[in-house]
Amino acid sequence: MYDQNFWNERYASTGYLYGTEANGFLVENAHLLREPVLSLAEGEGRNAVFIASRGLRVLGVDASDVGLAKAQSLAKSRGLEIETEVADLGAYHPQEGHFGSVVSIFAHLPSAIRGKLYPLIEKALQPGGIVLLESYSENQLTRDTGGPKDVDMLMNVEKLRQGFPNLEPVLVREIEREVREGEGHTGMASVVQFIARRAA
Ligand SMILES: C[S@@+](CC[C@H](N)C(=O)[O-])C[C@H]1O[C@@H](n2cnc3c(N)ncnc32)[C@H](O)[C@@H]1O
């Protein structure tokens, strides 16, 4: 169950909890993105704003209205346009065959939501469209550098393969890397990285 108060309170200060610069894995692989881009659990907008800065149309979805209001402010401050939608991903139905890419950065969701959402994401991609995802892995549970303290919300490679069985994997790996993305993500971390493509 999504706790909107929890996230709205976390986003209530004027600063940006995960910074205003985009996620490193997204930046490294931005050349693979095609529009329109759907960014899941967009938060305060750092990734959507980066995607828009590459000239791509982007829709950021999150259940925190406070986060998405800050996302719009960030876009405006850079002279960019992003679309945002306040929605609970547990009840979200992206438009079928519409998106060139779906981005999911630290969108830690319970298995009950992933089980409904991921099949819809597969269908929401255009032929040849990609999913690009980075998440903390189950091995992050014992670290205090970020991420939920709930193993069900943390990922491993097998959960990703099973979550997107109809996509062709392009990159599937678990690695340790330094994540310094705002005060919310602060140091050496265990992450899974996933890029997969819908058949053209
Ligand atoms: C760790 S933050 C990551 C934010 C952003 N992706 C980033 O990397 O800066 C997780 C985000 O997931 C959102 N979220 C969690 N559960 C959600 C749900 N069921 N529906 C929509 N958003 C959700 C929260 O509101 C929060 O903005």
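**View 1. Lining of the largest pocket in the predicted model.** The largest pocket is lined by 37 residues, and Tyr 2, Trp 7, Phe 106, His 108 and Met 153 lie nearest its centre. Two or more lining residues come from each of helix H1 (4–10), strand S1 (37–40), helix H3 (46–53) and strand S4 (99–105); H1 supplies the largest share, 3 residues. By class, the lining comprises 20 nonpolar, 10 polar and 7 charged residues. The space in this pocket is about 810 Å³. A pocket is an open set of points on a 1 Å grid over the protein atoms alone where a 1.4 Å probe fits, with protein on both sides within 12 Å along at least five of seven lines; lining residues have an atom within 4 Å of a point. A volume is the space filled by probe spheres set on the points. Helices (H or I, at least four residues) and strands (E, at least two) are DSSP runs. The model is predicted: local features need pLDDT of at least 70 and side-chain atom pairs pLDDT 80 or more, whereas totals for chains, interfaces and linings use all residues. Numbering starts from 1 along each chain as its sequence is written, and side-chain values use heavy atoms, without hydrogens and water.

View 2. His 108 is found in the loop between S4 and helix H5 (111–124). This residue is buried (under 20% relative accessible area, 1.4 Å probe, protein chains only), with a value of 14%. A polar atom of the His 108 side chain lies 3.1 Å from the backbone nitrogen of Tyr 136. Beyond neighbours within four places in sequence, His 108 is in contact (heavy atoms within 4.5 Å) with Ser 135, Tyr 136, Pro 148, Met 153 and Leu 154.

**View 3. The second largest pocket.** About 200 Å³ of space lies here. Of its 15 lining residues, Pro 36, Leu 59, Glu 83, His 98 and Phe 99 lie nearest the centre. Strands S2 (58–62) and S3 (83–86) each give two or more residues to this lining, which has 8 nonpolar, 3 polar and 4 charged residues.

**View 4. The largest nonpolar core.** This core, a set of buried nonpolar residues joined through side-chain atoms within 4.5 Å, has 29 residues; Leu 26, Leu 33, Ile 51, Ile 82 and Leu 132 have the most contacts inside it. H3 gives the most, with 5 residues. Leaving aside neighbours within four places in sequence, Ile 82 is in contact with residues including Ala 48, Val 49, Ala 52 and Val 58.

Key. Nonpolar A, V, L, I, M, F, W, Y, C, P; charged D, E, K, R; others polar. Buried < 20%, exposed > 50% of the residue type's maximum accessible area, 1.4 Å probe, protein only. Polar contact = N/O pair within 3.5 Å; in protein donor to acceptor, adjacent residues only side chain to side chain.
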